[in-house]
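This briefing goes with the sequence and model shown below.

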Amino acid sequence: MAVGKSVIGHQLSQQLGVPFVDTDAIIVEHHGTIADIFAGRGEHAFREIEARTVARAIEAADISGAVVSLGGGAVLDSGTQQLLGDCTVVYLECDAGTVAERIARNTGRPLLAGDAMARWETLFAARRPVYERLADVVIDVRTGTVAEIALDVEERLREYAALKEEVQK
């Protein structure tokens with residue numbers, strides 16, 4: 001949450017010449033704001049909507065290719081984890097100090113109500129093992145511009161693809 005998935009993903013998609021799909025944006029477009037979904041229907045309903053949205057996005061990306069950005073909690077769903085097993089997953093690694101300013105500017109994150117940084121740290125501690133387990137490529141996003149990070153992601157993806165191809169031979 002707040003590590004730059006959307007902006008880095010968008011930049012990467014432009015570099016690669018493929019569509020960019022932000023599952024949170026799709027949810028907002030079809031169901032209203034995430035904060036409103038949480039307030040009106042609860043987190044469980046949001047997670048169900050999210051899992052279906054992610055599944056459709058992954059299926060479409062598998063057919064035509066795309067950079068897909070998932071919400072920070074999407075990977076907690078076991079079905080999503082299984083779908084990601086067939087994808088190349090990039091984990092944008094960050095820390096609380098780096099995201100603190102972004103979180104302070106954005107009050108529309110329902111899971112960060114109250115002490116936002118304490119909540120972020122709690123969520124991250126719970127999610128980090130899942131991120132690390134699912135990741136094929138890990139990118140440190142604590143330093144660098146969006147363009148620099150996206151170039152790093154592209155380079156690391158090419159290295160990963162070459163290594164994967166070599167292993168399959």
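Which element gives the largest share of the lining of the largest pocket? The largest share comes from H8, with six residues. The model is predicted, so local features need pLDDT of at least 70 and side-chain atom pairs count only at pLDDT 80 or more, while totals for chains, interfaces and linings use all residues. Residues are numbered from 1 along each chain as its sequence is written, and side-chain values use heavy atoms, with hydrogens and water left out.

**Largest pocket**

- The largest pocket has a volume of about 1200 Å³. A pocket is an open set of points on a 1 Å grid over the protein atoms alone, with protein on both sides within 12 Å along at least five of seven lines; lining residues have an atom within 4 Å of a point. Grid points are joined across faces, edges and corners, and a volume is the space filled by probe spheres set on the points.
- The lining holds 43 residues, and Val68, Cys87, Thr88, Val89 and Val90 are the closest to the pocket centre.
- Two or more lining residues come from each of helix H1 (5-16), helix H4 (43-64), S2, helix H5 (78-84), strand S3 (90-93), helix H7 (116-134) and helix H8 (146-168). Helices (H or I, at least four residues) and strands (E, at least two) are DSSP runs, numbered from the N terminus.
- By class, this lining has 31 nonpolar, six polar and six charged residues. Ala, Val, Leu, Ile, Met, Phe, Trp, Tyr, Cys and Pro count as nonpolar, Asp, Glu, Lys and Arg as charged, and the others, Gly among them, as polar.

**Cavity**

- The structure holds one cavity of 30 Å³ or more, and the largest cavity has a volume of about 50 Å³. A cavity is a set of grid points where a 1.4 Å probe fits but cannot get out.
- Met1, Trp120, Leu123, Phe124, Arg127 and Tyr131 form the lining of the largest cavity. Five of these lining residues are nonpolar, none is polar and one is charged.

**Strands S3 and S4**

- S3 and S4 run parallel and are joined by four bridges. Two strands pair if DSSP finds at least two bridges between them.
- Tyr91 stands opposite Val138 in S4.
- In strand S4 (residues 137-140), Val137 and Ile139 make up the covered face, while Val138 and Asp140 make up the uncovered one.

**Aromatic pairs**

- Two aromatic pairs are found in the whole structure. Rings of Phe, Tyr and Trp (its six-membered ring) pair if their centres lie within 6.5 Å; planes under 30 degrees apart count as stacked, over 60 as edge-to-face and the rest as tilted.
- Phe38 and Phe46 form a tilted pair, 5.1 Å centre to centre with 40° between the planes. Phe38 is buried at a relative accessible area of 15%, and Phe46 is buried at 3%. Buried means under 20% relative accessible area, exposed over 50%, and partly exposed in between (1.4 Å probe, protein chains only).
- Tyr91 and Tyr131 form a tilted pair, 5.4 Å centre to centre with 40° between the planes. This pair links distant parts of the chain, with Tyr91 in strand S3 and Tyr131 in helix H7, 40 residues apart. Both Tyr91 and Tyr131 are buried.

**Two single residues**

- Ser69 lies in strand S2 (residues 67-69) and is buried, with a relative accessible area of 6%. Not counting residues up to four places away in sequence, Ser69 touches Lys5, Ser6, Phe20, Val21, Asp22 and Thr23; contact means heavy atoms within 4.5 Å.
- Ala55 is in helix H4 and counts as partly exposed at 29% relative accessibility. The C-alpha atoms of Ala55 and Ala118 are separated by 30 Å, and the two residues are 63 residues apart along the chain.
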